[in-house]
Amino acid sequence: MIELSSITKSFNSGKPNQFTAVNNVSLIIEPQQVTVLKGPSGSGKTSLLTMVGCMARPTSGRIFLRGIEAALPYRHDGAETVEITSLPERFMNDIRRVTFGFIFQQFNLIKGISVLENVMLPAYPTGESRSSFQTRAGELLELFDITRHAGQRVELLSGGELQRVAIARALINNPAIIIADEPTAHLDSKLSYDFMEIVGMLKNAGKTVIIASHDPIVYAATLVDMLVEMRDGAIVSSGSRL
Amino acid sequence: MKTVVERHLNILDFTLASLLRRKGKNLSLLTIYLLVIFMLASLVFFVTALKREASLILEDAPDMVVQRLMAGRQDLVPSLYADSIASIRGVSEVRPRLWGYYFDVNGANYTIMANDDPSAEPESAMIGSAIARSRNMVVGDLMPLVSYDKVPLLLQIKSILPGGSDLMAADLILISSNDFRRLFHFPAEQATDLAVTVRNPKELATVASKIVQMFPDSRPILKSEILRTYQAIFDWRGGMTVVLLASALISFIIFAWDKATGLSAEERKEIGILKSIGWSTSDVLLLKFWEGVVISLTAFLLGVVLAYGHVFFLSAPLFAQALKGWSVIYPAFRLSPVLDGYQLAVLFFLTVVPYTTATIFPCWRAATTDPDAAMRS
């Protein structure tokens, strides 16, 4: 479970152009569920995701990870709770690597290297042997039906294929939580539905999925467990779809 | 420990893939880098080998050479000087030497020396291999020289001096004392200089000062001084060559600095992506470190190996004319391989280390930025 307690994120603090992207947000994200953050551009969805995903720290407030095995080595009170907001940078980095898988709006794949290399990228610094994560990458490529592109450079792939590579990359370290930021923004309807099928697959595999999107194909999908609506940095409504 | 090694190997793996992505940029950099290391290493190898060669040859030289000065110029030494010097305590042998230079009509300058061996046959000669090569002569051929009064002197070649002594003997002709005196109209009872041998090398300076006291117009030159002069000559020539290479070096430094420090927008974005998918700042810096090491170390090792072949197998055709000697007839010889660890280390620290540092430094800022920048790109 992820618990956000009174999270605020301000940019350019103390300057005339200061603005608050996330304002006093408290939220509980249940494990092994699909949570969608819905809202227009500038509503604070991405800022919230970056803080949940240990990419940025809130200006104030606390974020807890409860019962997430990969993060447990970083707890300091013996309980099954880790407060990520108080961790030093290097620990946040370690947690980000093993706990979260990211799917970006622009896919953020590295050009000039192969699909397989891109998928394996998050595993390189883990210290795991190459043969081990290469096998896993091969299985993921097979799962998403892109094995035939394994040796190809990513720039030669279509939008849908690129996204499947990005999803495979997000899963290479077997994270408990998948974070996707506007994952269907560059996809047509068919590919968007395909993506939601994959999300269903991830949910069935016991992953926690958090998606920021204002695409109805995403937030109206039946597999979404919780819908959180945001506007101007605050939660307007939230509720279980069950 | 295994994890640390695996992490390095994995990142090194990605480094190689990453370098191959920018083949053009990295190959051009590697080529220029390699060329600079090759030139510098060739120079270092060549000068070091020449200095060693000179010191090996001088091992057989007399402990001291005594010359006579007249009005500040070298003059002939009367034989009676030899008798007096021989009487100084500690001197074991004094040998008058006859030698001079012969300007051949072909434009070459030969060193002619009287053979110490009293049994040396008249009208015969032993010649250096470079002379034999340039004049296409073999043992048994006649070598015509012209005496001071334009009378031809025909010398039969008895032997050709071994190639191993080529650095000193490439342009040398050894003839009998009588032929030498005939050729140059050299006065009897006089010598070009005296070769003095001293029993105890520690006494050399004392013996030299006694000789100067005895003959104020004499100039004793110790073997160590000759060796120092050789070292200085080769160092000076090496230094001159470095100066000539300086413009190329400076161009390379500017080029390398530009290539190593210029982080393109694409490279910055890649660093952001790596950070956002879980790479830490140290992982990114490690990647850049390996990139720098792979390029600079490859250039260094290849450059050094090529320079070794260039100097010790091909006899350094690029530098030979500038560094070997001053004669028209250049000695053709293969230098004995010698590596100076200190100089190689200096070369390593002046090339590999600055480049690797220059590669890492600009990445530091990019690598320490928040990973969420990639989310918003």
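**Fold and interface of chains A and B**

Among contacts in chain A of this predicted model between residues at least 6 apart in sequence, 67% join residues at least 24 apart. Chain A comprises 242 residues, of which 47% are buried. Its secondary structure consists of seven helices and ten strands.

Chain B was examined in the same terms. Its 377 residues include 33% that count as buried. The chain contains 13 helices and 13 strands. For contacts in chain B between residues at least 6 apart in sequence, the share joining residues at least 24 apart is 81%.

The two chains touch each other. On one side, 25 residues of chain B take part; on the other, 26 residues of chain A are in contact with them. By residue class, the side of chain B that touches chain A divides into ten nonpolar, six polar and nine charged residues.

In outline, the model pairs a chain A of seven helices and ten strands with a chain B of 13 helices and 13 strands. Buried residues account for 47% of chain A and 33% of chain B.

Key:
Residues are numbered from 1 along each chain as its sequence is written. Chains are lettered from A and ligands numbered from 1 in the order in which they are written. This is a predicted model: local features need pLDDT of at least 70, side-chain atom pairs count only at pLDDT 80 or more; totals for chains, interfaces and linings use all residues. Two residues are in contact if their C-beta atoms, placed from the backbone, lie within 7 Å. Ala, Val, Leu, Ile, Met, Phe, Trp, Tyr, Cys and Pro count as nonpolar, Asp, Glu, Lys and Arg as charged, and the others, Gly among them, as polar. Helices (H or I, at least four residues) and strands (E, at least two) are DSSP runs, numbered from the N terminus. A residue is buried if 20 or more other C-beta atoms lie within 10 Å of its own, exposed if 12 or fewer, and partly exposed in between; C-beta atoms are placed from the backbone.
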